[in-house]
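Work through these exercises with the structure in view. Try each task before you read its solution.

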Amino acid sequence: MLRAQLALVLREVLEGRSLNDALRRGQEKVPSRDRALLAELAYGVCRHYFSLEALAGMLLRQPLKDKDLDVQALLLGGLYQLLHTRIPAHAAIGETAGAARVLRKKWAVGLVNGVLRHFQREQEALLSRLEQMNSRQVRYQLPDWLIGELKKAWPEQAEAVIAGLSLRPPFTIRVNLQRNSLSEYASLLKEAGMTARPLKGIPSALMLDEAVSVEELPGFFQGAVSVQDGGAQLAAFLLDAQPGMTVLDACAAPGGKTGHILEHTRDLQLTAVDFDPGRLERVAQNMARLGFRANLARGDASHPRGAWAEQAYDRILADVPCTATGVIRRHPDIRLLRRPADVQNLQLRQQQILDALWSLLQPGGKMLYATCSLLPQENDEQVERFLLKQPDASAVMLPPGRGMMTTHGLQLLPDTLETDGFYYALLEKRAD
């Protein structure tokens, strides 16, 4: 059952759907004891997709038909188990081949068994052929177009950035400093047998040496701590909100930054908006766990309508939709899902959101533009266009500490294990 569900999850991703959504559905159909392994295998296949796909291509006499994408997914899952896990080969091959029967494709049992055994017999020669292909996609585990974009954008850092995107993401937590200081919470972790270290320039962040389930984090369900990448935690500090201010968190779901803004600054009137009602419910759940209150509203940040759009705000967080190229190691399916055309489409959407939200900002107010993208088209170039169009807007110099200062903002690169890739620019509206 586990391997069959793995194939169904991967088929959804190969068809263009999100791994998180597909995995959530798949995990509901397997025993609780198998859910972690299902996630490990699904994430692992996405992380090594280009080499696994190339190997499957060498091993198959002819490509499988589109209707047999689940069988293709079984092969990728089987190859991943043989190459990257400690699952005994006989179990990996037998269970994976048997899963074809669960998928009601009895004809594929022999095919999957034969392909995986062929790989097992000739692994060394096949891996040598893979290396001789001299494919950038296989070498870097990224689509060729994205490799080109990264090399063009960051010629000096590209090798380190690309290498960083292939690593497993760090496990970083955000300490609620209203409840405990960083050192106090580090002591609580130590008492629970966990070790962690602070991240320079991010006052609320602790990076654990090993990932754990949230249930194991002291006080998690009481709002003492949240799981959040260190780069994402910078948003609350850079927003520069002050007590008594009105704050709009546009595109707020799932509410990680919303919660941090309220942890960072007391007595705010915060409105969190998101278009997706299901994701807005996750914001509500996060607020309940943290013990905060916020005005939650469903709405489209590019076309403000309703009560939330009828007032002006002192601070706005515009955490816009983007290519998410800075968080590929946390969401490895992005390397399969993203297409070159997405960049321009998202740029247009980001421009619409920036223009619409600017009209909701008080004179003298500030808007923090944020993406988790590594592409200048969505970052500095986007802000440059906005500043040329809005004569009452100026970019505020951000404080040094983390990342690389750019012309208009701050870029964090995932070239180390400490943070994912983020971009921030703080825009101020002239007061007169």
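For sorting lining residues by class, Ala, Val, Leu, Ile, Met, Phe, Trp, Tyr, Cys and Pro count as nonpolar, Asp, Glu, Lys and Arg as charged, and the others, Gly among them, as polar. Keep in mind throughout that the model is predicted.

**Exercise 1. Check the confidence.**
Find the mean pLDDT of the chain, and the elements with the lowest and the highest mean.

*Solution.* 
Step 1. The mean pLDDT of the chain is 95. A value of 70 or more is reached by 100% of its residues.
Step 2. Go element by element. Strand E11 (residues 404-405) has the lowest mean, 93. Strand E8 (residues 313-319) has the highest, 98.
Step 3. A caution applies to any model of this kind: where pLDDT is low, the predicted coordinates should not be read in detail.

**Exercise 2. Describe the largest cavity.**
State the volume of the largest cavity, list its lining and sort that lining by class.

*Solution.* 
Step 1. Count the cavities of 30 Å³ or more: there is 1.
Step 2. The largest cavity holds about 40 Å³ of space.
Step 3. Its lining consists of Leu10, Val13, Leu14, Val45, Cys46, Tyr49, Leu76 and Leu336.
Step 4. Helix H1 (2-14) and helix H3 (35-47) each supply at least two. H1 gives the most, with 3 residues.
Step 5. Sort by class. The lining has 8 nonpolar residues, no polar and no charged.

**Exercise 3. Describe the second largest pocket.**
Which helix gives the most to the lining of the second largest pocket?

*Solution.* 
Step 1. Start with the volume: the second largest pocket has about 320 Å³. It is lined by 14 residues, and those closest to its centre are Leu60, Arg61, Gln62, Leu64 and Leu111.
Step 2. Look for the main contributor. Helix H7 (residues 107-121) gives the most to this lining, with 6 residues.
Step 3. Sort by class. The lining of this pocket has 7 nonpolar, 4 polar and 3 charged residues.

**Exercise 4. Look for disulfides.**
How many disulfides does a search of the whole structure find?

*Solution.* 
Step 1. The search finds 0 disulfides.
Step 2. The cut-off is needed here: a disulfide is a pair of cysteine sulfur atoms within 2.5 Å.
Step 3. The closest cysteine sulfur to that of Cys322 is in Cys372, 3.5 Å away, so the two are too far apart for a bond.
Step 4. Turn to accessibility. Cys322 is buried, with a relative accessible area of 11%. Cys372 also counts as buried, at 17% relative accessibility.

**Exercise 5. Follow strand E1 and its partners.**
Is strand E1 buried or exposed, and which strands pair with E1?

*Solution.* 
Step 1. In strand E1 (residues 171-175), 5 of the 5 residues are buried, so the strand is largely enclosed by the rest of the structure.
Step 2. Phe171, Ile173 and Val175 point one way. Thr172 and Arg174 point the other way.
Step 3. E1 pairs with E3 in the antiparallel sense over 4 bridges. Ile173 stands opposite Leu206 in E3.
Step 4. E1 also pairs with strand E4 (residues 225-227), antiparallel over 3 bridges. Here Val175 stands opposite Val225.
Step 5. Move on to E3 (residues 202-208), which pairs with strand E2 (residues 196-199) in the antiparallel sense over 4 bridges. Arg197 has Met207 in E3 as its bridge partner.
Step 6. The hairpin of E2 and E3 has 2 residues between the strands, and Gly201 there takes a positive phi near 85°.

Technical notes
Residues are numbered from 1 along each chain as its sequence is written. This is a predicted model: local features need pLDDT of at least 70, side-chain atom pairs count only at pLDDT 80 or more; totals for chains, interfaces and linings use all residues. Side-chain values use heavy atoms; hydrogens and water are left out. On a 1 Å grid over the protein atoms alone, a cavity is a set of points where a 1.4 Å probe fits but cannot get out, and a pocket is an open set with protein on both sides within 12 Å along at least five of seven lines; lining residues have an atom within 4 Å of a point. Grid points are joined across faces, edges and corners, and a volume is the space filled by probe spheres set on the points. pLDDT is the predictor's confidence in each residue, from 0 to 100. Buried means under 20% relative accessible area, exposed over 50%, partly exposed in between (1.4 Å probe, protein chains only). Two strands pair if DSSP finds at least two bridges between them.
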